[in-house]
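Open the structure in your viewer and keep the selection panel handy. Here is a short tour, one selection at a time.

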Amino acid sequence: MIIGAKTSSPLSPDQLYSRCDPQSLPFATTDEVKNTQGVLGQARAMEATRFGLGIRRPAYNLFVHGPEGTGRHSTIREILDQRAAAEPVPSDWCLVNNFVDAHRPTAIELPPGQGLRLRDAVARLVDELKSAIPSAFEAEDYRTRREAIEETFKERQEVVFAELQERAGQKNITLLKTPVGLALAPVKGDEVINPEAFAKLPEAERNKLEADLELLQSDLQEIIRQLPQWDKERREDIRELNREVTRYAVGHLLDALESDFKLFPAVVNYLAALKTDVIENADIFIARGTENAGQQAMVVAAAGHAEADLAQRYEVNLLVDNALCTGAPVVYEDMPTYANLVGRIEHIAEMGALITNFSMIKGGALHRANGGYLLIDAYKLLTQPYAYEGLKRALISGFVKIESLGQVLSLVSTVSLEPEAIPLDLKIVLIGAPRLYYMLHQLDPEFADLFKVSVDYGPDMDRDEESTATYANVIAGLATKEKLKAFDAGAVARLIEFSAREADYWSEKSSDRTVTAEDVQTAIDTRIRRVDSLRERSHEMITRGIKLIDTDGSRVGQINALSVMSLGGYSFGGPSRITARVRMGKGQVVDIEREVELGGPLHSKGVLILSSFLSGLYALDRPLSLSASLVFEQSYGGIDGDSASSAELYCLLSALSGLPIKQCFAVTGSVNQKGEVQPIGGVNEKIEGFFDICKARGFSPGQGVLIPASNICHLMLRADVVEACTNGDFAIYAVETIDQGVEILTGVQSGVADDKGVFPEGTVNALVETRLRDMADDLRNYSRPPESHNASHDDSHDKMSDGKKADD
């Protein structure tokens, strides 16, 4: 049994606008309201937030998702700020030179404020060493002791060479200094025997001299072989002297510094290593004190140190400084690139090459937020190359390691710094659209393990006394935060109906001490005025007759459907003409928009439902034998959504029944296979769009809009629309079924089938069924062969039979 249509009447003015009575608010202005920032209608989100922040275990990071404008970012930031203020300040982190392996700087963790103290203390120490060490090496005692070492080496050489010279002289041989070194030669008297004279000597004398020369040459070679060892001993004696002098010059300075940081073993170990390095490389400080630049360069080169700059070699790189923090850090990274998250290693150009050192290592957002909270926009994170992967890597390992993308991806093989990784202890809060959350959950198997807490911000809230009071608290808090005037009860009531910040500006213009409802309404109107130029041009096309829309009269197979357009945060509605044509066919309802690929999948789905509706309600004993076409006239762009499916069905029923549709109406609503009208979005904008067209043309009797009954609760129409409905110039009809709607549009009863499935004669449904039956019969007759053809066929068959019998 099909449910019949109920008699529909226009909605009353009270149903068109849910008014908030200022008298119901328990205050005159927001100055009387306790200034608290509340959260509107997000109980589920608040529960998830408290759970996620309360559990201090890895992987319980948060993904905050919900529509724009739900306060998800500001609310979560406020909660984090309040929570972080009561939590302890995290540690400082410093990077210092690794004197054993300079490519792997050492990380040191210190209580908050101690990192800055260490950096400054070491900087002062280096300044003192710059003067203390050169002074020690310029002292008379050092020079005397060094000269003694040099003199000892010199005397040792002279003694051995004197002994060799004496033995050689006894054998008529002398030790000569030549351009190529030392040499032994025979002499006679005081003159060296030349080779010619030597060859003329008697053989016995010549043999004796050759034997003596060979023996002395062996002694000379032994002495020369020992010279490098003696020079090495000299240099070692000088180095040991330098160490002793340096140790004496810097010992008391470093001992005092170690005493200041004795509670921190890592610092004590670093200072011990620094002391050893200073003692071993005191020549760096001596070179800096040398006046001659060329000599300084030679000394530094001889020392074999590429890092001649003391500020770089002994500087403390304060990677994270929490000295001024009063609680746990809350960091929002606006540009979450890979380098901004995990840190970077900077380089400088020097003599055509890029060089770096540990002092050029910069921390990222993960370092700054360590021990606290890091907020990141999910969309920005996903659009930055490898940023999401870098974040996951840090969360999975529990450490943040600073390295370039070239190192991570093995794109470069040059030697670079590899600073020690720092342990990670923080909460990550990603903020994004719901589609991003569900996409990551589906496509990334690691996402669910790292972001276990979903914080879902809903798009709406129940409007009751409690939520109204909460909203008033929020307005009071915002007025104080933004330094606005107090809002009176009427202004709060209007903001509950429609909120806007610009009301304070219009209050200034009117010189009121408080923001009133009129100021709020002015703010709303001017805000719309600033962005509605496209709506004006669209409506102007209709009022000038360029876009064809009828608002009076009646037409068969033609209806006004309502649609909504959203651009830049502003939405407006307007009518579109839909027309239908029907004829005998094979049961197809052709959507012209889909055929030319202008219709989206949801719109196409709505059209396909129409065929199912027709075949399930009319002429059940016959096949559906129509061919129908539906089109949005003067539509030159894409169309999607099923909110026009009820209008398309009304238009199709009009074309089948031959009953005209009143053009003073516009329609919105989707429909299912059972003929039930379903809710749609943008109902207020759609009604107001058609209202504006009717008002611009001048109201005519009976104008109005048909909407789904389930959309009544969403009605918050403009005051001028409500006023027109009150005066009878305009009307809003709420329908539950297609039968109800078609009666309003045609003025003819829809008709309810009896127990035998027969509709009353003259009703809409009866006319439609009769037309469909006629089409089915016509199609059957059209497909049947002509009778004359059948008769000729029968006669031929008889003759063939007779002939066959005769032959037999």
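Start by selecting Ala59, which is buried, with a relative accessible area of 19%. Keep in mind as you look around that this is a predicted model. Ala59 sits in the loop that links helix H2 (43–54) to strand E1 (62–65). Check its backbone: the phi of Ala59 is near 80 degrees, a positive value although the residue is not glycine. Most residues other than glycine have a negative phi.

Next, select Tyr386, in the loop between helix H14 (378–383) and helix H15 (387–397). Here too phi is positive in a residue other than glycine, near 65 degrees for Tyr386. Is Tyr386 buried or partly exposed? Tyr386 is partly exposed, its relative accessible area being 43%.

Now for a pair of helices. Select residues 114–137 for helix H4 and residues 203–260 for helix H7. Their axes come within 10 Å and cross at roughly 160 degrees. Angles over 145 degrees count as roughly antiparallel, so H4 is roughly antiparallel to H7. The crossing of H4 past H7 is right-handed.

To see the contact itself, show side chains on both helices. On the H4 side, pick out residues including Arg117, Leu125, Glu128, Ile133 and Phe137. The H7 residues that they and their H4 neighbours in the contact meet include Asn242, Thr246, Val250, Leu254 and Asp260.

Definitions and conventions: Residues are numbered from 1 along each chain as its sequence is written. This is a predicted model: local features need pLDDT of at least 70, side-chain atom pairs count only at pLDDT 80 or more; totals for chains, interfaces and linings use all residues. Side-chain values use heavy atoms; hydrogens and water are left out. Axes are lines fitted to C-alpha atoms, for helices over the stretch in contact, and angles run from 0 to 180 degrees between N-to-C directions. Helices (H or I, at least four residues) and strands (E, at least two) are DSSP runs, numbered from the N terminus. Angles under 35 degrees count as roughly parallel, over 145 as roughly antiparallel, 65 to 115 as roughly perpendicular and the rest as oblique. A crossing is left-handed if the near helix is turned anticlockwise from the far one by less than a right angle, and right-handed if clockwise. Contact means heavy atoms within 4.5 Å. Buried means under 20% relative accessible area, exposed over 50%, partly exposed in between (1.4 Å probe, protein chains only).
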